[in-house]
Amino acid sequence: MEYDFTPDAIDLQLLDLLQSDASLSNQALAERVHVSPPTCLRRVRRLQASGLIERQVALLQPDRLAALQGHGLTAIVEVSLDRQGAEHLAAFEARAVADPAVQQCWRVSPGPDFVLVVHARDMPGYLALSQRLFTQDANVRNVKAFFATHRAKFETKLPVALS
């Protein structure tokens, strides 16, 4: 259940800390923001209930995972549609976000209609993805894929204005 509230400086510190390491214990969080553990737990639960904390996940290191499972392939893909009516955009978006190979899906403007970040095991895996999402959709006009050769930075942390 989401509700609105205005986070204070301690809440913002908690958000900043949790973005860096969500595995910190409640005790460690409480010590870092200088509140008692029960107060800290109550605040974190309030941040979750408000929707400011969307979810907590483990971030995997793609090169290490690829070494275990075989080669990994990441692509940034621009997709332009023939018809951009709301129903056409929504239909493509629904198909893209439902595909497990799509890590991120952005509607953008100007330029292409969508930018996708996709991850496939290898080039045949990417080809299968392109068949599912692009070739079989008569409304897809143009696809431009950029294949990642090196990841210089990957960050999930959003800037939090700390007072």
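In which strand does Val 117 lie?

What we have here is a predicted model, in which local features need pLDDT of at least 70 and side-chain atom pairs count only at pLDDT 80 or more, while totals for chains, interfaces and linings use all residues. Residues are numbered from 1 along each chain as its sequence is written, and side-chain values use heavy atoms, with hydrogens and water left out.

To answer the opening question, Val 117 belongs to strand β3, where helices (H or I, at least four residues) and strands (E, at least two) are DSSP runs numbered from the N terminus. With a relative accessibility of 17%, Val 117 counts as buried; the term buried stands for under 20% relative accessible area, exposed for over 50%, and partly exposed for what is in between, using a 1.4 Å probe and protein chains only. If we set aside residues up to four places away in sequence, Val 117 touches Thr 74, Ala 75, Ile 76, Ala 101, Val 102, Gln 103 and Gln 104, contact being defined as heavy atoms within 4.5 Å. Asp 4 is 113 residues away from Val 117 along the chain, and the C-alpha atoms of the two are separated by 32 Å.

Let me now step back to the whole chain. The protein chain contains 6 helices and 4 strands, and, read along the sequence, these follow the pattern α-α-α-α-β-α-β-β-α-β. The radius of gyration of the protein chain is 20 Å, well over the 15 Å that the globule rule gives for 163 residues, so the chain is more spread out than a compact globule; here the radius is taken over C-alpha atoms, and the rule is 2.2 Å times the number of residues to the power 0.38. Along its principal axes, the C-alpha trace spans about 55 × 40 × 25 Å.

The chain is divided into domain 1, residues 9-50, and domain 2, residues 62-147, with bounds that come from an automatic or database domain assignment. The C-alpha centres of domain 1 and domain 2 lie 36 Å apart. Of the 163 residues in the protein chain, 29% are buried, and among contacts with a separation of 6 or more, 66% are accounted for by residues 24 or more positions apart.

Next, some individual positions, beginning with the loop between β2 (102-107) and β3 (114-120), where Pro 110 is found. The peptide bond from Ser 109 to Pro 110 is cis, with omega near -10°. Ser 109 lies in the loop between β2 and β3 and, at 69% relative accessibility, counts as exposed. Ser 109 and Gln 69 are 40 residues apart in sequence, and their C-alpha atoms are 36 Å apart in space.

The phi of His 34 is near 60°, which is a positive value in a residue other than glycine, and His 34 counts as exposed at 72% relative accessibility.

Turning to the helices, Ala 66 is found in helix α4, residues 62-69. Leaving aside neighbours within four places in sequence, Ala 66 is in contact with His 71 and Gly 72, whereas the C-alpha atoms of Ala 66 and Leu 18, which are 48 residues apart along the chain, are separated by 27 Å. Helix α6, residues 123-135, includes Thr 135, which is exposed, with a relative accessible area of 54%. Between Thr 135 and Ile 10, which are 125 residues apart along the chain, the C-alpha separation is 50 Å.
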